[in-house]
Amino acid sequence: MGYQALLSSTNTVESTAIGYRALATEDGVSHYNVAIGPRAGENITTGYSSTLIGRNAGNAYTTQGNNVGIGHQVLAANTGGQNTAVGRNAGAALTTTGYNTFIGYEAGDANTGEYNVGVGGNALGDGSSAVDQSTAIGYNALASADSSY
């Protein structure tokens, strides 16, 4: 539902798209995705079993699966799988990595690592780009961490 939602869909199985260009390129083996919001999941081609809610949520996501993103720009650059992000810009810079959980405004917004948990505003955000296997709880927790953590 929405202009160009599921635009390229021919073989999509049990996916739901609501909003302008939501799941616009989903096709082929894509299945079980939910995208709500303008451009949510717009570039998913063969991704599966993800829930993306918010403007540009999971916008760059193409092929991996099992992501959950709720909020404006969450997981916006993500092409990895098994990530969870809740809050505006949470996990926005994640690219090919997976197994991250970011909850809070801009939590993990610059992080590109994997196996991280950031809970709180800007937790594991800002300069924490290459941090792996870390847990940060609280406002700005490990926000300036680097790969030595």
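**Why is it called that?**

Me: What joins the side chains of Glu42 and Arg39?
Reply: A polar contact of 2.7 Å. That name is for a pair of N or O atoms within 3.5 Å; within protein, one must be able to donate a hydrogen and the other to accept it, and residues adjacent in sequence count only if both atoms are side-chain atoms. By the way, this is a predicted model, where local features need pLDDT of at least 70 and side-chain atom pairs count only at pLDDT 80 or more, while totals for chains, interfaces and linings use all residues. Residues are numbered from 1 along each chain as its sequence is written, and side-chain values use heavy atoms, with hydrogens and water left out.

Me: Why is Glu42 called buried?
Reply: Buried means under 20% relative accessible area, exposed over 50%, and partly exposed in between (1.4 Å probe, protein chains only). Glu42 has 7% relative accessibility, so Glu42 counts as buried.

Me: Where is Glu42, and which residues is Glu42 in contact with, leaving aside neighbours within four places in sequence?
Reply: Glu42 is in the loop between S2 and strand S3 (51-53); strands (E, at least two residues) are DSSP runs, numbered from the N terminus. With those neighbours set aside, Glu42 is in contact (heavy atoms within 4.5 Å) with Arg21, Leu23, Ala24, Thr25 and Asn59.

Me: What makes Tyr3 and Tyr20 a stacked aromatic pair?
Reply: Rings of Phe, Tyr and Trp (its six-membered ring) pair if their centres lie within 6.5 Å; planes under 30 degrees apart count as stacked, over 60 as edge-to-face and the rest as tilted. Tyr3 and Tyr20 come out at 6.0 Å centre to centre with 10° between the planes, and that's stacked. Tyr3 sits in the segment before strand S1 (16-18) and Tyr20 in the loop between S1 and strand S2 (34-36), so the pair ties together parts 17 residues apart in sequence.

Me: Why does Tyr3 count as exposed, and why is Tyr20 partly exposed?
Reply: Tyr3 has 58% relative accessibility, so it's exposed. Tyr20 has a relative accessible area of 34%, so Tyr20 is partly exposed.
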